[in-house]
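Please read them with the coordinates open.

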Amino acid sequence: MAELRPPRLVLGSASPRRLELLAQIGITPHALRPADIDETPRPGEAARAYVRRMAVEKAQAITLDADEACLTGDTTVLVGRRILGKPADRAEAGEFMRLMSGRRHVVLTSMALRHGDRIAERLVETKVRMRSLDAQALEDYLDMGDWQGKAGAYAIQGAAAAFIPWIQGSFSAVVGLPLSETAAMLAAIGIHPRPEGARS
């Protein structure tokens with residue numbers, strides 16, 4: 001009896017960080033197909049429901065061949081009940097950073113894995129504390145531009161690492177993809193790390 005081949009993995013994201021994280025656990029997608037969806041939160045939508053909906057809607061929006069599976073994700077920052085997405089400009093990035101300064105916030109990362117007519121979904125929460133930022137430190141950070149395209153206006157693996165003395169939970173989830181949970185989801189559909197140079 002012929003051995004069933006695992007599906008080919010499509011990463012439904014343009015994020016180089018998610019691609020690098022998958023490489024860290026030996027997974028190389030055969031294709032990148034970023035999903036183009038409306039990412040506006042619904043009025044009154046809770047943050048956890050929002051990130052779950054985003055990951056699933058991205059997975060549903062991607063066209064797949066019969067032998068493909070797709071992995072999508074969404075990361076957002078939650079301060080109190082306020083969702084901090086990607087800042088529109090420098091002023092909003094500064095507002096986000098001042099809001100997080102000297103307090104804890106929660107990073108929510110949801111992943112969805114679509115294979116056939118099924119979608120598996122997982123939400124991971126990580127608590128992060130940011131030290132108090134003085135005006136000069138904030139201006140210097142904003143000048144670097146590292147806030148651009150980042151949920152909550154920062155990347156924990158970037159310049160903002162200098163502001164974060166403590167986290168509780170998954171570091172890789174804050175970067176954009178919780179690796180332990182992702183590896184388990186992929187393994188459940190037969191996708192495992194491949195040696196360098198192995199045929200797909």
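A polar contact here is a pair of N or O atoms within 3.5 Å; within protein, one must be able to donate a hydrogen and the other to accept it, and residues adjacent in sequence count only if both atoms are side-chain atoms. The model is predicted: local features need pLDDT of at least 70 and side-chain atom pairs count only at pLDDT 80 or more, while totals for chains, interfaces and linings use all residues. Residues are numbered from 1 along each chain as its sequence is written, and side-chain values use heavy atoms, with hydrogens and water left out.

1. S13. This residue sits in the loop between β1 and α1; helices (H or I, at least four residues) and strands (E, at least two) are DSSP runs, numbered from the N terminus. The side chains of S13 and R18 are joined by a polar contact of 3.5 Å. The S13 side chain also reaches the backbone nitrogen of S15, at 2.9 Å. With a relative accessible area of 7%, S13 is buried (buried means under 20% relative accessible area, exposed over 50%, partly exposed in between; 1.4 Å probe, protein chains only). Not counting residues up to four places away in sequence, S13 touches R18, L32, R33 and P34, where contact means heavy atoms within 4.5 Å.

2. Largest pocket. Its volume is about 610 Å³. On a 1 Å grid over the protein atoms alone, a pocket is an open set of points where a 1.4 Å probe fits, with protein on both sides within 12 Å along at least five of seven lines; lining residues have an atom within 4 Å of a point. Grid points are joined across faces, edges and corners, and the volume is the space filled by probe spheres set on the points. The lining has 33 residues, of which R18, D74, T75, K86 and G149 are the closest to the pocket centre. At least two lining residues come from each of α1, α2 (47-61), β3 and α5. The largest share, five residues, is supplied by β3.

3. T109. T109 is buried, at a relative accessible area of 0%. Leaving aside neighbours within four places in sequence, its contacts include D74, R122, L123 and V124.

4. Nonpolar core. Such a core is a set of buried Ala, Val, Leu, Ile, Met, Phe, Trp, Tyr and Cys residues joined through side-chain atoms within 4.5 Å. The largest one has 39 residues, and M97, M100, Y154 and F163 touch the most other members. Among the elements that each supply at least two residues of this core are β1 (8-11), β3 (68-79), α3 (90-100) and β5 (104-115). M100 touches V77, V79, L84, H105, M130, G152 and Y154, not counting residues up to four places away in sequence.

5. α4. The buried residues of this helix are A137, L138, Y141 and L142. They lie on the same side of α4, because they cover an arc of only 130° around the axis; the arc is that of the directions from the helix axis to the C-beta atoms. These buried residues pack against α3. The face turned away from them carries the exposed residues A135, Q136 and D143. At the start of α4, a side-chain oxygen of D134 comes to within 3.2 Å of the backbone nitrogen of Q136. G145 follows α4 and has a positive phi, near 80°.

6. α6. Here L179, E181, T182, M185 and L186 are buried. Their arc is only 160° around the axis, which puts them on the same side of α6. S180 and A188 are exposed on the other side. The cover over the buried residues includes β1, α1, β3, β5, β6 (118-129) and α5. Just after α6, G190 takes a positive phi of about 90°.

7. A153. Which backbone angle deserves a check at A153? Its phi is positive, about 70°, although A153 is not a glycine. Most residues other than glycine have a negative phi. A153 lies in the loop between α4 and β7 (166-168) and counts as buried at 0% relative accessibility.

8. G26. The loop between α1 and β2 (31-32) holds G26, which is partly exposed at a relative accessible area of 26%. The C-alpha atoms of G26 and P193 are separated by 4.5 Å, although the two residues are 167 residues apart along the chain.
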